[in-house]
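Open the model in your viewer and keep the sequence panel beside it. The stops below say what to select and what is there.

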Amino acid sequence: MSKQSRNRILLVDDEYQVLEAATRILVEEQFSVVACSNAREALDRMQDNGIDVVLTDIRMPDVSGLELLEQIHEIRSEMPVILMTAYADLEVAVDAVKKGAFDFIIKPYHPDYLMHSIKKAIHYGNYLKWKDNYKLYLEDIVRQRTQQIEVEKKRAENFSRDLVERLTTIA
């Protein structure tokens, strides 16, 4: 990953050691990391709107990672959110996916798996941005062409009216 593409990762975990270790891994891979120790702080930082991916623990005091996932998707429905947990529970994983989690990581995780998941989420986010931009581009093209058609339609109507007037005045 190039140094110019400093994607921003919002990292949320109530364990300082996890925040520190994950931050170190992500920074080594040239990501910009916004580290938060709880969901409320994370939601405040989401308002910056420069976040590309959220990586959050599930089990946290006050607001769980699943609740945070839902709140984030209320703000930005397409935000890739990766959930982490030290407690591998199939029901929680299924619930997380149903609620829109992008991925689910079991702690302790291998740094390569973490990076693979983060990069996959960034590619997904970039695809969504490209798709939105392309949709806007196509809408603009349609708007321009519609305006051109309206102009040509008026010209054709004026020409037709002029032609009918000339033909009726000659006769």
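This is a predicted model. Begin with its aromatic rings, where the structure holds 4 aromatic pairs. Select F102 and Y124: the two form a tilted aromatic pair, 5.4 Å centre to centre with 35° between the planes. F102 sits in the loop between α4 (90–98) and β5 (103–106), while Y124 belongs to helix α5 (residues 111–170), so the pair ties together parts that are 22 residues apart in sequence. F102 is partly exposed, at a relative accessible area of 24%. Y124 is also partly exposed, at 34%.

Now select Y127, W130, Y134 and Y137, which form one aromatic cluster.

Next, colour α5 from end to end. How far does α5 reach from its first C-alpha to its last? Its 60 residues reach 88 Å, close to the 88 Å expected at 1.5 Å a residue. Within α5, pick out the buried residues: L114, M115, S117, I118, A121, I122, G125 and L128. Look along this list with the helix repeat in mind. An α-helix has 3.6 residues a turn, so residues three or four places apart point the same way. Show the surroundings as well: the buried residues of α5 pack against β1, α1, β3 (53–57), β4 (81–85) and β5.

Move to strands β1 (residues 8–12) and β2, which pair in the parallel sense over 5 bridges. Select I9 to find one of the positions involved; the bridge partner of I9 in β2 is V33.

Which residues of β2 are on the covered face, and which on the uncovered one? S32, V34 and C36 make up the covered face, and V33 and A35 the uncovered one. In a regular strand the side chains alternate between the two faces of the sheet.

The largest nonpolar core has 24 residues, and L10, V54, L68, I72 and L83 touch the most other members. Elements giving two or more residues to this core are β1, β2, α2 (39–46), α3 (65–75), β4 and α4. Centre the view on L68: leaving aside neighbours within four places in sequence, L68 is in contact with V12, A39, A42, L43, T56, M60 and V63.

Definitions and conventions: Residues numbered from 1 in each chain as written. Predicted model: local features only at pLDDT ≥ 70, side-chain atom pairs only at ≥ 80, totals over all residues. Heavy atoms only, no water. Buried < 20%, exposed > 50% of the residue type's maximum accessible area, 1.4 Å probe, protein only. Helix = DSSP H or I, 4+ residues; strand = E, 2+ residues; numbered from the N terminus. Pairing = 2+ DSSP bridges. Phe/Tyr/Trp six-rings, centres within 6.5 Å; stacked < 30°, edge-to-face > 60°. Expected span 1.5 Å × (residues − 1). Contact = heavy atoms within 4.5 Å. Core = buried A, V, L, I, M, F, W, Y, C linked by side-chain atoms within 4.5 Å.
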